[in-house]
Amino acid sequence: MRKLAAGNWKMNGTAADLVQVQALITAHPAPGCDVLLCPPVSLLSRMADLAAGSAVQVGGQDCHPQGSGAHTGDISAQMLLDAGAHHVILGHSERRADHGETDALVRAKAQAALAAGLCAIVCVGELESQRDAGQTLAVIGAQLAASLPDAVPDAANLVIAYEPVWAIGTGRTPTLTEVGEVHAFIRAAIIARYGEAAQAMRLLYGGSVKPSNAAEIFAVPHVDGALVGGASLTAADFGAIVAAL
Ligand code: PEP
(Lines give C-alpha, C1' and ligand atoms only; values in the text may rest on other atoms or scores of the structure.)
Protein backbone atom coordinates (compact mmCIF):
# COMPACT_ATOMS: atom_id res chain seq x y z
CA MET A 1 0.00 0.00 0.00
CA ARG A 2 1.11 3.59 -0.50
CA LYS A 3 2.77 4.89 2.63
CA LEU A 4 1.91 8.08 4.48
CA ALA A 5 4.27 10.71 5.83
CA ALA A 6 2.20 12.75 8.27
CA GLY A 7 3.60 15.85 9.96
CA ASN A 8 2.20 17.20 13.23
CA TRP A 9 3.19 20.82 13.76
CA LYS A 10 1.58 20.81 17.23
CA MET A 11 1.35 24.38 18.67
CA ASN A 12 4.04 25.68 16.34
CA GLY A 13 3.97 27.92 13.31
CA THR A 14 2.71 31.26 12.07
CA ALA A 15 2.09 32.51 8.54
CA ALA A 16 5.83 33.08 8.08
CA ASP A 17 6.40 29.33 8.36
CA LEU A 18 4.30 28.57 5.29
CA VAL A 19 7.50 29.08 3.29
CA GLN A 20 8.45 25.62 4.57
CA VAL A 21 5.37 24.15 2.92
CA GLN A 22 6.13 25.88 -0.37
CA ALA A 23 9.70 24.60 -0.20
CA LEU A 24 8.48 21.06 0.47
CA ILE A 25 6.11 21.20 -2.50
CA THR A 26 8.83 22.57 -4.75
CA ALA A 27 11.40 19.98 -3.67
CA HIS A 28 9.01 17.00 -3.84
CA PRO A 29 6.47 17.64 -6.60
CA ALA A 30 5.72 13.93 -7.08
CA PRO A 31 6.58 12.09 -3.84
CA GLY A 32 6.51 8.33 -3.66
CA CYS A 33 4.19 8.43 -0.66
CA ASP A 34 1.18 10.40 0.53
CA VAL A 35 2.18 13.57 2.36
CA LEU A 36 0.14 15.24 5.08
CA LEU A 37 0.78 18.28 7.25
CA CYS A 38 -1.33 19.04 10.31
CA PRO A 39 -0.71 22.67 11.32
CA PRO A 40 -2.35 24.57 14.15
CA VAL A 41 -5.91 25.42 13.17
CA SER A 42 -4.94 29.08 12.68
CA LEU A 43 -2.96 28.06 9.59
CA LEU A 44 -5.20 25.32 8.26
CA SER A 45 -7.08 27.09 5.48
CA ARG A 46 -4.06 29.12 4.38
CA MET A 47 -1.96 25.97 4.19
CA ALA A 48 -4.75 24.19 2.31
CA ASP A 49 -4.91 27.04 -0.21
CA LEU A 50 -1.15 26.97 -0.63
CA ALA A 51 -1.08 23.19 -1.09
CA ALA A 52 -4.06 23.04 -3.47
CA GLY A 53 -3.08 21.12 -6.59
CA SER A 54 0.08 19.73 -4.96
CA ALA A 55 0.73 16.33 -3.41
CA VAL A 56 0.52 17.79 0.10
CA GLN A 57 -2.71 17.32 2.01
CA VAL A 58 -3.57 19.10 5.25
CA GLY A 59 -5.24 17.94 8.43
CA GLY A 60 -6.34 18.99 11.89
CA GLN A 61 -4.84 17.98 15.23
CA ASP A 62 -8.11 17.39 17.07
CA CYS A 63 -11.88 17.74 16.66
CA HIS A 64 -14.95 17.82 18.88
CA PRO A 65 -17.33 14.84 18.72
CA GLN A 66 -20.30 17.11 17.94
CA GLY A 67 -20.86 18.99 14.71
CA SER A 68 -21.61 22.41 16.19
CA GLY A 69 -22.86 24.12 19.33
CA ALA A 70 -21.83 25.75 22.58
CA HIS A 71 -18.26 24.46 22.89
CA THR A 72 -16.02 27.50 23.17
CA GLY A 73 -12.58 27.01 21.70
CA ASP A 74 -13.38 23.70 20.03
CA ILE A 75 -13.64 22.84 16.35
CA SER A 76 -15.78 20.19 14.70
CA ALA A 77 -14.85 17.66 12.05
CA GLN A 78 -17.15 19.42 9.59
CA MET A 79 -15.32 22.70 10.22
CA LEU A 80 -11.97 21.06 9.58
CA LEU A 81 -13.32 19.67 6.32
CA ASP A 82 -14.66 23.12 5.42
CA ALA A 83 -11.20 24.60 6.05
CA GLY A 84 -9.63 22.16 3.60
CA ALA A 85 -8.61 19.27 5.85
CA HIS A 86 -8.59 15.64 4.68
CA HIS A 87 -7.42 14.11 7.96
CA VAL A 88 -7.52 14.69 11.69
CA ILE A 89 -5.15 13.41 14.37
CA LEU A 90 -7.09 12.08 17.38
CA GLY A 91 -6.03 10.88 20.81
CA HIS A 92 -2.48 12.17 20.58
CA SER A 93 -0.75 11.50 23.91
CA GLU A 94 -0.35 15.25 24.44
CA ARG A 95 -4.15 15.68 24.17
CA ARG A 96 -4.68 12.69 26.44
CA ALA A 97 -2.27 14.19 29.00
CA ASP A 98 -3.01 17.93 28.65
CA HIS A 99 -6.78 17.65 28.27
CA GLY A 100 -7.59 14.41 30.04
CA GLU A 101 -8.91 12.78 26.88
CA THR A 102 -10.18 9.28 27.52
CA ASP A 103 -10.38 6.37 25.11
CA ALA A 104 -14.15 6.82 24.99
CA LEU A 105 -13.82 10.46 23.97
CA VAL A 106 -11.24 9.59 21.33
CA ARG A 107 -13.64 6.98 19.95
CA ALA A 108 -16.49 9.52 19.79
CA LYS A 109 -14.21 11.95 17.98
CA ALA A 110 -13.11 9.27 15.53
CA GLN A 111 -16.70 8.39 14.75
CA ALA A 112 -17.48 12.08 14.17
CA ALA A 113 -14.47 12.42 11.89
CA LEU A 114 -15.49 9.43 9.76
CA ALA A 115 -19.08 10.63 9.59
CA ALA A 116 -17.87 14.03 8.35
CA GLY A 117 -15.76 12.42 5.63
CA LEU A 118 -12.36 12.91 7.23
CA CYS A 119 -9.66 10.30 7.60
CA ALA A 120 -9.10 9.67 11.33
CA ILE A 121 -5.56 9.10 12.59
CA VAL A 122 -6.03 7.51 16.01
CA CYS A 123 -2.95 7.54 18.25
CA VAL A 124 -2.08 4.88 20.82
CA GLY A 125 1.06 4.28 22.83
CA GLU A 126 2.44 3.15 26.15
CA LEU A 127 4.21 5.09 28.90
CA GLU A 128 7.79 4.18 29.67
CA SER A 129 6.75 2.72 33.03
CA GLN A 130 4.25 0.49 31.24
CA ARG A 131 6.90 -0.76 28.80
CA ASP A 132 9.30 -1.41 31.68
CA ALA A 133 6.57 -3.40 33.42
CA GLY A 134 6.02 -5.55 30.33
CA GLN A 135 2.54 -4.14 29.78
CA THR A 136 3.01 -2.62 26.32
CA LEU A 137 0.79 -4.97 24.31
CA ALA A 138 -1.89 -5.03 26.99
CA VAL A 139 -1.97 -1.22 27.08
CA ILE A 140 -2.10 -0.92 23.29
CA GLY A 141 -4.78 -3.60 23.09
CA ALA A 142 -6.96 -1.80 25.61
CA GLN A 143 -6.51 1.55 23.86
CA LEU A 144 -7.42 0.03 20.51
CA ALA A 145 -10.47 -1.72 21.94
CA ALA A 146 -11.85 1.48 23.44
CA SER A 147 -10.57 4.24 21.09
CA LEU A 148 -11.36 2.89 17.64
CA PRO A 149 -14.68 3.54 15.93
CA ASP A 150 -17.33 0.82 15.76
CA ALA A 151 -17.56 0.66 12.00
CA VAL A 152 -15.13 1.76 9.32
CA PRO A 153 -16.91 1.67 5.95
CA ASP A 154 -13.72 2.57 4.04
CA ALA A 155 -10.46 1.12 5.38
CA ALA A 156 -8.54 4.04 3.84
CA ASN A 157 -10.22 6.39 6.30
CA LEU A 158 -8.80 4.87 9.47
CA VAL A 159 -5.10 5.22 10.22
CA ILE A 160 -3.58 4.09 13.50
CA ALA A 161 -0.43 5.73 14.84
CA TYR A 162 1.69 3.80 17.32
CA GLU A 163 3.47 6.44 19.36
CA PRO A 164 5.30 5.27 22.49
CA VAL A 165 4.83 8.25 24.80
CA TRP A 166 8.42 8.07 25.99
CA ALA A 167 9.71 8.35 22.41
CA ILE A 168 7.84 11.56 21.52
CA GLY A 169 10.18 14.52 21.32
CA THR A 170 12.90 12.73 23.27
CA GLY A 171 15.23 11.51 20.54
CA ARG A 172 14.73 7.96 21.86
CA THR A 173 13.05 5.21 19.86
CA PRO A 174 12.12 1.58 20.49
CA THR A 175 14.26 -1.02 18.76
CA LEU A 176 13.14 -2.07 15.30
CA THR A 177 12.14 -5.42 16.80
CA GLU A 178 9.96 -3.67 19.36
CA VAL A 179 8.33 -1.51 16.67
CA GLY A 180 7.67 -4.61 14.58
CA GLU A 181 6.18 -6.48 17.53
CA VAL A 182 3.69 -3.71 18.29
CA HIS A 183 2.75 -3.11 14.65
CA ALA A 184 2.12 -6.82 14.07
CA PHE A 185 0.01 -6.86 17.21
CA ILE A 186 -2.02 -3.85 16.02
CA ARG A 187 -2.54 -5.44 12.60
CA ALA A 188 -3.84 -8.64 14.18
CA ALA A 189 -6.11 -6.69 16.53
CA ILE A 190 -7.73 -4.64 13.76
CA ILE A 191 -8.19 -7.70 11.54
CA ALA A 192 -9.93 -9.41 14.46
CA ARG A 193 -12.08 -6.31 14.89
CA TYR A 194 -12.87 -5.28 11.30
CA GLY A 195 -12.01 -8.32 9.21
CA GLU A 196 -9.60 -8.66 6.29
CA ALA A 197 -10.37 -5.09 5.14
CA ALA A 198 -8.08 -3.99 7.98
CA GLN A 199 -5.09 -5.18 5.94
CA ALA A 200 -5.56 -1.90 4.04
CA MET A 201 -5.54 0.34 7.12
CA ARG A 202 -2.28 2.21 7.42
CA LEU A 203 -0.25 1.86 10.62
CA LEU A 204 2.12 4.73 11.33
CA TYR A 205 5.04 4.74 13.72
CA GLY A 206 5.59 8.00 15.61
CA GLY A 207 8.21 9.09 18.11
CA SER A 208 11.50 10.80 17.24
CA VAL A 209 11.40 9.91 13.55
CA LYS A 210 14.09 11.90 11.76
CA PRO A 211 15.94 11.72 8.44
CA SER A 212 18.65 9.48 9.91
CA ASN A 213 16.32 6.73 11.20
CA ALA A 214 13.34 6.98 8.81
CA ALA A 215 14.43 4.41 6.23
CA GLU A 216 15.14 1.64 8.76
CA ILE A 217 11.85 2.24 10.57
CA PHE A 218 9.89 2.24 7.31
CA ALA A 219 11.42 -1.12 6.39
CA VAL A 220 9.79 -2.80 9.41
CA PRO A 221 6.80 -4.98 8.43
CA HIS A 222 3.41 -3.32 9.02
CA VAL A 223 4.96 0.14 9.25
CA ASP A 224 3.01 2.01 6.60
CA GLY A 225 4.41 5.45 7.29
CA ALA A 226 5.20 7.86 10.08
CA LEU A 227 3.66 10.51 12.26
CA VAL A 228 6.37 13.10 12.68
CA GLY A 229 6.48 15.98 15.14
CA GLY A 230 9.64 18.07 15.41
CA ALA A 231 11.15 16.93 12.12
CA SER A 232 8.02 17.97 10.20
CA LEU A 233 8.61 21.67 10.86
CA THR A 234 11.21 22.22 8.17
CA ALA A 235 11.10 21.31 4.51
CA ALA A 236 14.64 19.96 4.72
CA ASP A 237 13.96 17.40 7.46
CA PHE A 238 10.42 16.46 6.46
CA GLY A 239 11.43 16.29 2.81
CA ALA A 240 14.19 13.84 3.70
CA ILE A 241 11.67 11.67 5.56
CA VAL A 242 9.27 11.84 2.60
CA ALA A 243 12.11 10.77 0.33
CA ALA A 244 12.86 7.79 2.61
CA LEU A 245 9.34 6.40 2.32
C1 PEP B 1 4.35 13.47 17.58
O2 PEP B 1 4.12 14.55 18.09
O3 PEP B 1 3.40 12.80 17.15
C4 PEP B 1 5.73 13.04 17.47
C5 PEP B 1 5.96 11.82 17.07
O6 PEP B 1 6.71 13.94 17.82
P7 PEP B 1 8.30 13.80 17.54
O8 PEP B 1 8.45 13.33 16.11
O9 PEP B 1 8.83 15.19 17.73
O10 PEP B 1 8.82 12.80 18.49
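Author: Let us begin with Arg187, which touches Leu203 and His222, leaving aside residues up to four places away in sequence. This is a predicted model.

Reader: Where is Arg187 found, and is Arg187 buried, partly exposed or exposed?

Author: Arg187 is found in helix H8. Around its C-beta atom lie 18 others within 10 Å. A residue needs 20 or more to be buried, and 12 or fewer to be exposed. So Arg187 is partly exposed.

Reader: How far apart in space are Arg187 and Ala200?

Author: In sequence, Arg187 and Ala200 are 13 residues apart. In space, taken from C-alpha to C-alpha, the two are separated by 9.7 Å.

Reader: Arg187 touches His222. What is the phi of His222?

Author: His222 sits in the loop between H9 and strand S8 (225–228). Most residues other than glycine have a negative phi. His222 is not a glycine, yet its phi is positive, about 70°.

Reader: Is His222 buried, partly exposed or exposed?

Author: Count the other C-beta atoms within 10 Å of His222: there are 19. The cut-off for buried is 20 or more. So His222 is partly exposed.

Reader: Which residues does UniProt mark as "active site"?

Author: The annotation comes from an unreviewed UniProt entry.

Reader: Where is His92, and what does His92 touch?

Author: His92 is found in the loop between S4 and helix H4 (93–98). With 28 C-beta neighbours inside 10 Å, His92 counts as buried. Not counting residues up to four places away in sequence, His92 touches Gln61 and Cys123.

Reader: Which residues does Glu163 touch?

Author: Glu163 lies in the loop between S6 and H8. Glu163 is buried, with 26 other C-beta atoms within 10 Å. Beyond residues up to four places away in sequence, its contacts are Ser93, Cys123, Gly125, Ile168, Gly206, Gly207 and Leu227.

Reader: Which residues carry the feature "binding site", and why can they be said to gather at one spot?

Author: The unreviewed UniProt entry places this feature at Asn8, Trp9, Lys10, Gly169, Ser208, Gly229 and Gly230. These residues span 223 residues in sequence. No two of their C-alpha atoms are more than 14.1 Å apart, so they gather at one spot.

Reader: Is Asn8 buried or exposed, and in which strand is Asn8 found?

Author: Asn8 has 26 C-beta neighbours inside 10 Å, so Asn8 counts as buried. Its contacts, not counting residues up to four places away in sequence, include Cys38, Gln61 and Gly229. Asn8 is found in strand S1.

Reader: What does Gly169 touch?

Author: Gly169 is in the loop between strand S6 (158–162) and helix H8 (176–194). With 13 C-beta neighbours inside 10 Å, Gly169 counts as partly exposed. Leaving out residues up to four places away in sequence, Gly169 touches Gly229 and Gly230.

Reader: What is the phi of Ser208?

Author: Ser208 has its place in the loop between strand S7 (202–206) and helix H9 (211–218). Ser208 counts as buried, with 22 C-beta neighbours inside 10 Å. Its phi is positive although Ser208 is a residue other than glycine, and the value is near 60°.

Reader: Which residues come nearest the ligand?

Author: The shell around the ligand divides into five nonpolar, seven polar and one charged residue. Of the 13 residues there, the nearest are Ile168, Gly169, Gly206, Gly229 and Gly230.

Reader: How far apart are the end C-alpha atoms of helix H5?

Author: Helix H5 has 14 residues, 103–116. At 1.5 Å a residue, H5 should span 20 Å. The end C-alpha atoms agree with that, at 20 Å.

Reader: Which elements do the buried residues of H5 pack against?

Author: Buried residues in H5 include Val106, Ala110 and Leu114. Just after H5, Gly117 takes a positive phi of about 100°. The buried residues of H5 pack against helix H3, strand S4, strand S5 and helix H7.

Definitions and conventions
Residues are numbered from 1 along each chain as its sequence is written. This is a predicted model: local features need pLDDT of at least 70, side-chain atom pairs count only at pLDDT 80 or more; totals for chains, interfaces and linings use all residues. UniProt positions are given in the numbering used here, feature names are shortened, and annotations may be inferred rather than shown by experiment. Helices (H or I, at least four residues) and strands (E, at least two) are DSSP runs, numbered from the N terminus. Two residues are in contact if their C-beta atoms, placed from the backbone, lie within 7 Å. A residue is near a molecule or strand if its C-beta atom, placed from the backbone, lies within 6 Å of it. Ala, Val, Leu, Ile, Met, Phe, Trp, Tyr, Cys and Pro count as nonpolar, Asp, Glu, Lys and Arg as charged, and the others, Gly among them, as polar. The expected span of a helix is 1.5 Å times one less than its number of residues.
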